[in-house]
Amino acid sequence: MNGSTTRRTRQQCIDDVVKGNHILVRRGVLDSYGHISVRSPDDPGRFFLARAMAPATVEAGDIVELDLDGNPVHPESRKLYLERFIHGEIYRARPDVQAVVHSHSPTVIPFGISKVPMRPVCQLCGFIGQGVPLFEIRDAIGDGSDLLIRDGALGKSLAQSLGDKAVCLQRGHGAVTVGGTVAQVVGRSVYLELNARLQMQAITISGGDHDITYLSEAEIETIGAKLGDFERAWEAWCLEEDELA
Ligand code: MN
C-alpha cells in the first residue's frame with residue numbers, strides 16, 4: 001500500500017502522511033505534539049508536513065509543502081510547527097531518508113535521561129541495533145534552552161547526532177526516527193516505543209540491565225541486511241484507520 005517498490009505520487013505522499021499522523025496517535029507515539037513528514041516525490045528539496053496542529057485532527061488540506069530551510073513553498077498564513085527545522089535539516093543531511101517522525105514517545109524518554117542505553121530486545125526492533133545516538137542540546141547551545149529545535153542551526157546539530165542511524169534520542173524531549181518510506185518510519189516509531197517498554201519490563205524483572213540477553217552483534221548484522229519495511233503492519237494499521245473513520 002505504501003509502495004516501497006513503486007514511486008508514490010504527490011497526492012499519495014500527502015495521504016500517507018495524514019494516515020501516519022493518525023496511526024502514530026492511536027499507537028501512543030504522538031499525543032497532541034510531535035509530527036511526521038514525507039519528502040516530496042517531485043523535488044528532493046521539499047517536504048510535506050502538517051500546519052501546527054494536533055496530529056489526531058490532521059487532514060489532507062492541513063498539509064503544507066516546505067523547503068529544506070523550513071519556509072513554505074506557497075503563500076501560507078497558517079501557523080507552522082516551530083520544530084519544522086528537524087525535518088528540513090535531516091532531509092538535507094540524509095539523501096536516503098524519505099520520511100521523518102519527531103515524537104515525545106513516552107517510554108523512550110527515560111533512555112535519553114539515564115545511563116541505560118537502549119538496545120534491541122526483539123527481532124522487529126533490530127533497526128535499533130544500528131545504534132541509538134543521543135542529542136544533548138546543552139552541547140549545541142549550552143544550558144538554559146527550552147529544548148526545542150527552534151532554528152536551522154539546531155536542526156543541523158540534531159541531524160549530525162543522528163548521523164547515518166535510524167533513530168536519535170533527544171535528551172529530556174523525545175526522539176527522531178527516519179525511514180525510506182512513510183510505512184517504514186511509522187513502523188520504526190511504533191516499534192521503538194514497544195522496544196522501550198519491553199526493555200524496561202526486562203530491566204524491572206531482572207533488577208537491572210546486566211542479565212538481559214539483547215540481540216547480538218551478529219544477529220543485528222543479519223537483521224540489518226534485510227531491514228523491515230513494515231509494509232504488513234502499515235497495511236493493517238491503514239485498514240484500521242479506514243474502518244474507524
Ligand atoms: Mn518536540
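**Exercise 1. The metal site**

Find the protein donors of the manganese ion and state how far they lie from it.

*Solution.* Start with the atoms. The donors are Glu83 (OE), His102 (NE2), His104 (NE2) and His173 (NE2), lying 2.1 to 2.2 Å from the manganese ion. Donors here are N, O and S atoms within 2.8 Å of the metal (3.2 Å for Na, K and Ca); water is not among the atoms, so sites may look incomplete. This is a predicted model, where local features need pLDDT of at least 70, side-chain atom pairs count only at pLDDT 80 or more, and totals for chains, interfaces and linings use all residues. Residues are numbered from 1 along each chain as its sequence is written, and side-chain values use heavy atoms, with hydrogens and water left out.

Next, the sequence. The donor residues follow the spacing E-x18-H-x1-H-x68-H.

Last, the accessibility. Buried means under 20% relative accessible area, exposed over 50%, and partly exposed in between (1.4 Å probe, protein chains only). His102 has 0% relative accessibility, so it counts as buried. His104 has 22%, so it counts as partly exposed.

**Exercise 2. One side of a helix**

Determine which residues of α8 are buried, and which elements they pack against.

*Solution.* First, place the helix. Helices (H or I, at least four residues) and strands (E, at least two) are DSSP runs, numbered from the N terminus. Helix α8 takes in residues 231–244, 14 residues in total. Its first and last C-alpha atoms are 20 Å apart, close to the 20 Å expected at 1.5 Å a residue. The expected span is 1.5 Å times one less than the number of residues.

Now list the buried set: Glu231, Ala233, Trp234, Trp237, Cys238 and Glu241. These residues cover an arc of only 150 degrees around the axis, so they sit on the same side of α8. The arc is that of the directions from the helix axis to the C-beta atoms. An α-helix has 3.6 residues a turn, so residues three or four places apart point the same way.

Check the other side of α8. Arg232 and Glu243 are exposed there.

Then find the partners. The buried residues of α8 pack against α1 (10–26) and α6 (182–206).

**Exercise 3. A threonine in a loop**

Locate Thr107 and name the residue whose side chain makes a polar contact with its side chain.

*Solution.* Thr107 lies in the loop between β4 (99–103) and α3 (109–113). Its relative accessible area is 15%, so Thr107 is buried. The polar partner is the side chain of Glu193, at 2.4 Å. A polar contact is a pair of N or O atoms within 3.5 Å; within protein, one must be able to donate a hydrogen and the other to accept it, and residues adjacent in sequence count only if both atoms are side-chain atoms.

Leaving aside neighbours within four places in sequence, Thr107 touches Glu193, Ala196, Arg197 and Met200.

**Exercise 4. Cysteines**

*Solution.* A disulfide is a pair of cysteine sulfur atoms within 2.5 Å. For Cys125, the nearest cysteine sulfur is that of Cys122, 3.4 Å away, and Cys125 is in no disulfide. For Cys238, also in no disulfide, the nearest is that of Cys13, 13 Å away.

Technical notes: Contact means heavy atoms within 4.5 Å.
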